[in-house]
Amino acid sequence: MNKIIHLAEQHILESQSHLRHIDEMMAKAQEARAKNSLKPEIEAQLTQIQGARDKWAEELKAFSQQPGDDSTDALKRGEGLKGGLQTVGLELEKALTAVFLPVGRPEGH
């Protein structure tokens with residue numbers, strides 16, 4: 001198998017893993033929303049993150065349905081997908097930290 005195709009497929013698998021992790025964290029955010037009302041800025045942040053997640057998920061779907069492209073553009077696109085999903089995941093982790101560890105409340109209490 002062409003090395004570029006292999007690397008692009010690896011990016012797809014890693015991106016799918018990031019997407020699953022994001023979806024698990026979004027489920028936790030939904031649970032928090034159901035249990036109590038969140039601050040408006042957290043709600044807005046979660047809505048923005050959901051939109052970014054949806055955008056990257058569509059991009060990943062389109063990319064993974066393409067036939068094996070051995071161009072360096074495909075490799076760059078795969079890297080961009082992975083990086084974009086990593087960024088969304090980090091932003092979501094920050095938002096969830098704000099939900100579950102409010103300022104002034106020490107961890108473990």
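1. Start with lysine 82. In this predicted model, and leaving aside neighbours within four places in sequence, lysine 82 is in contact with His11, Glu14, Ser15 and His18. One of these partners stands out for a polar link: the side chains of lysine 82 and glutamate 14 are joined by a polar contact of 2.9 Å. Lysine 82 itself is found in helix α3, residues 72-100.

2. Next, serine 15, from that contact list. Serine 15 has its place in helix α1. Its relative accessible area is 0%, and the cut-off for buried is under 20%, so serine 15 counts as buried. Look at what surrounds it: apart from neighbours within four places in sequence, serine 15 is in contact with Leu60, Gly78, Leu81, Lys82 and Leu85.

3. Now helix α1 as a whole. It covers residues 3-35, which makes 33 residues. From the first C-alpha to the last, α1 reaches 48 Å, close to the 48 Å expected at 1.5 Å a residue. Its buried residues are Ile5, Ala8, His11, Ile12, Ser15, Leu19, Ile22, Met25, Met26, Ala29 and Ala32. If you're wondering what they sit against, the buried residues of α1 pack against α2 (40-64) and α3.

4. The buried set in α2 consists of Ile42, Leu46, Ile49, Arg53, Ala57, Leu60 and Phe63. Note that an arginine, Arg53, is on that list. These buried residues of α2 pack against α1 and α3. Leu60 is also among the contacts of serine 15.

5. Back to α3 for glycine 83, which is found in that helix.

6. Last, the rings. How many aromatic pairs turn up among Phe, Tyr and Trp rings, taking centres within 6.5 Å? The count comes to zero. There is a charge over a ring, though: lysine 55 lies over the face of tryptophan 56, at 3.7 Å from the ring centre.

Key: Residues numbered from 1 in each chain as written. Predicted model: local features only at pLDDT ≥ 70, side-chain atom pairs only at ≥ 80, totals over all residues. Heavy atoms only, no water. Helix = DSSP H or I, 4+ residues; strand = E, 2+ residues; numbered from the N terminus. Polar contact = N/O pair within 3.5 Å; in protein donor to acceptor, adjacent residues only side chain to side chain. Contact = heavy atoms within 4.5 Å. Expected span 1.5 Å × (residues − 1). Buried < 20%, exposed > 50% of the residue type's maximum accessible area, 1.4 Å probe, protein only. Phe/Tyr/Trp six-rings, centres within 6.5 Å; stacked < 30°, edge-to-face > 60°. Lys NZ or Arg CZ within 6 Å of the ring centre and 35° of its normal.
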